[in-house]
Amino acid sequence: MSIFSRFALAVFLVAMGCSESHDEYISEYFCERETREFMDAILTDEFAHADELLKQRVNINGMDCGGVTPLQWLILNDNYLTTDRFRYLLERDADPTINSPKLMHSAFHQTAKLQDSYYLERLINNENVDCDLRSNDVNVPTAIYFAVLSRQQRNLDLLLKCGADVNVLTQNGKNALGLTNMNNWEAAFMLLDAGIDPAPSLPSIINALENNNYTPPTDGSADWREKVRSKLGDIDK
């Protein structure tokens with residue numbers, strides 16, 4: 001369907017008081033008709049209808065043909081993510097700790113990448129998810145890695161306050177500090193302040209600290225790179 005045809009259809013459906021089906025967006029991940037209908041009910045906020053489908057044969061933690069659960073799909077396609085839809089799935093026992101064979105991680109890990117920290121905070125405080133929950137991806141083993149890679153300092157702070165282990169290593173023997181050398185110096189300082197061992201990632205950090213392309217902030221904000229340099233000096237002492 002062309003963009004013009006989709007727009008015309010959407011205008012027509014709105015004029016008729018109807019909502020456009022989201023089937024084409026979810027059929028790639030969900031092959032069962034009932035599950036697609038359930039997802040469409042979620043995306044149109046028809047939660048009573050979604051409840052009826054759950055009473056029939058829809059498995060809220062089922063992965064179908066796409067290798068993701070409904071909760072994982074919703075976070076993955078975060079333009080459809082709302083707090084009401086998120087809460088609905090959790091209140092119907094959606095499991096945020098299941099590792100997807102397609103994504104190699106869970107909904108919990110996904111929330112660490114989101115700009116809105118509500119979702120991660122909800123899982124930590126209300127669902128009691130283990131902050132050290134391991135993914136199946138040996139290169140990004142815990143939620144801390146996801147927060148650092150996505151430059152979500154608020155989420156990183158939530159995980160650190162939760163007591164997440166900063167010294168979990170990748171398969172290559174690196175830790176999350178090595179992911180911060182793309183000018184994400186605030187995260188580096190936070191990790192160092194939380195007691196991360198700089199040794200596994202020290203060569204890459206030292207190399208980044210000596211990068212002449214770095215431009216100090218001019219807006220009065222903290223110069224996190226210099227804070228990291230000072231912190232490493234304190235550790236060496």
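**Exercise 1. Is C131 buried or exposed, judged by its relative accessibility?**

Keep in mind throughout that the model is predicted.

Solution. 
- Step 1: Look up the value for C131, which is 4% relative accessibility.
- Step 2: Recall the cut-off: buried means under 20% relative accessible area.
- Step 3: C131 therefore counts as buried, at 4%.

**Exercise 2. Describe the disulfide that C131 forms with C162.**

Solution. 
- Step 1: Start with the distance. The sulfur atoms of C131 and C162 are 1.7 Å apart, and the cut-off for a disulfide is 2.5 Å.
- Step 2: Turn to the torsion. About the S-S bond of C131 and C162 the value is 95°, and the link is right-handed.
- Step 3: C131 sits in the loop between helix 8 and helix 9 (143-149), while C162 belongs to helix 10; the pair links distant parts of the chain, 31 residues apart.
- Step 4: C162 has a relative accessible area of 33%, so C162 is partly exposed, whereas C131 is buried.

**Exercise 3. Find how many disulfides the whole structure holds, and work through the one between C31 and C65.**

Solution. 
- Step 1: A search of the whole structure gives 2 disulfides.
- Step 2: In the pair C31 and C65, the sulfur atoms lie 1.9 Å apart.
- Step 3: The S-S torsion of C31 and C65 is about 95°, so this disulfide is right-handed.
- Step 4: C31 is in the loop between helix 2 (23-26) and helix 3 (33-43), and C65 is in the loop between helix 4 (47-56) and helix 5 (70-76), so the bond ties together parts 34 residues apart in sequence.
- Step 5: C31 is partly exposed at 43% relative accessibility, and C65 is partly exposed at 45%.
- Step 6: Counting bonded cysteines along the chain, write the pattern as 1-2, 3-4.

**Exercise 4. How do helix 8 (residues 118-125) and helix 10 (residues 153-162) cross?**

Solution. 
- Step 1: Two packed helices are described by the angle and the distance between their axes.
- Step 2: For helix 8 and helix 10, the axes come within 9 Å and cross at roughly 15°.
- Step 3: Angles under 35 degrees count as roughly parallel, and helix 8 and helix 10 are therefore roughly parallel to each other.
- Step 4: The crossing of helix 8 past helix 10 is right-handed.
- Step 5: List the contact. From helix 8 come L120, E121 and I124; they meet R154, N155, L158, L159 and C162 of helix 10.
- Step 6: Sort these residues by type, which gives 5 nonpolar, 1 polar and 2 charged.

Conventions
Residues numbered from 1 in each chain as written. Predicted model: local features only at pLDDT ≥ 70, side-chain atom pairs only at ≥ 80, totals over all residues. Heavy atoms only, no water. Axes fitted to C-alpha atoms, helices over the stretch in contact; angles between N-to-C directions. Helix = DSSP H or I, 4+ residues; strand = E, 2+ residues; numbered from the N terminus. Parallel < 35°, antiparallel > 145°, perpendicular 65-115°, else oblique. Left-handed = near helix turned anticlockwise from the far one by under 90°. Contact = heavy atoms within 4.5 Å. Nonpolar A, V, L, I, M, F, W, Y, C, P; charged D, E, K, R; others polar. Buried < 20%, exposed > 50% of the residue type's maximum accessible area, 1.4 Å probe, protein only.
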